[in-house]
Amino acid sequence: MIDPPECSEEVRIVLAEIMTIVTHSTPWECIRPYIDDLVNICRALCMDPAGQVIIEGCQAMDGLAAIAGDQLMHFCVDMGRALFTPFSHRHAKVRMAGLKALYNVMTCGMWKTSADLMAAMIG
């Protein structure tokens, strides 16, 4: 994402913090109908150009993958591909946030989708 729709980095950080709170504190039964939107928001936050937004987005994606578990098996590859941006960031704390989120993202997919994600990371 080269030019985000919201030009203020501070506003994007606050939005990412709100998403982190929502994904960590809301029961799965309440967020199940909105799973497509939540995955897309977390993916967009992880692909942001600002490092602090990426860190919060990775925490939100980590919470979503942890609470949903294998219910997100169809989103595993897309969520993992969104983590390519943190992996290539210049700051180590952003890369570490991406690696922490990758653990729960990999475990939410079945073995075949996780293998596809690993193949995309290798390639």
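Predicted model: local features only at pLDDT ≥ 70, side-chain atom pairs only at ≥ 80, totals over all residues.
## Overall fold

The protein has eight helices and zero strands. Along the sequence, the pattern reads α-α-α-α-α-α-α-α. The C-alpha trace spans about 40 × 35 × 20 Å along its principal axes.

The radius of gyration is 13 Å. A compact globule with 123 residues would have a value near 14 Å, so the protein agrees with that rule. Buried residues make up 44% of the 123 residues. Among contacts with a separation of 6 or more, 70% join residues 24 or more positions apart.

## Helix α3

Helix α3 has 12 residues. From its first C-alpha to its last, α3 reaches 16 Å, close to the 16 Å expected at 1.5 Å a residue.

Ile35, Leu38, Val39, Cys42, Leu45 and Cys46 are buried in α3. They cover an arc of only 130° around the axis, which puts them on the same side of α3. An α-helix has 3.6 residues a turn, so residues three or four places apart point the same way. The cover over the buried residues of α3 includes α1, α2 (28–31), α4, α5 (76–82) and α6 (84–87).

## Helix α4

Helix α4 has 18 residues and reaches 26 Å from its first C-alpha to its last. That is close to the 26 Å expected at 1.5 Å a residue. Of the 18 residues of α4, 13 are buried, so the helix is largely enclosed by the rest of the structure. Just after α4, Gly69 takes a positive phi of about 65°.

## The salt bridge

Side chains of opposite charge can pair when their charged atoms come close. Here the count comes to one salt bridge, with a cut-off of 4 Å between nitrogen and oxygen. Arg12 forms a salt bridge with Asp48. The closest N and O atoms are 2.9 Å apart.

Arg12 lies in helix α1 (residues 9–25), and Asp48 lies in the loop between α3 (35–46) and α4 (51–68). The pair therefore ties together parts that are 36 residues apart in sequence. Both Arg12 and Asp48 are buried.

## A buried charge without a partner

Glu56 sits in helix α4. Glu56 is buried, yet has no salt bridge. The nearest side chain of opposite charge, Lys93, is 11 Å away. What does Glu56 touch, not counting residues up to four places away in sequence? Its contacts are Ala16, Glu17 and Thr20.

Methods:
Residues numbered from 1 in each chain as written. Heavy atoms only, no water. Helix = DSSP H or I, 4+ residues; strand = E, 2+ residues; numbered from the N terminus. Buried < 20%, exposed > 50% of the residue type's maximum accessible area, 1.4 Å probe, protein only. Lys, Arg positive; Asp, Glu negative; His and termini not counted. Contact = heavy atoms within 4.5 Å. Expected span 1.5 Å × (residues − 1). Arc of directions from axis to C-beta. Rg over C-alpha atoms; globule rule 2.2 N^0.38 Å.
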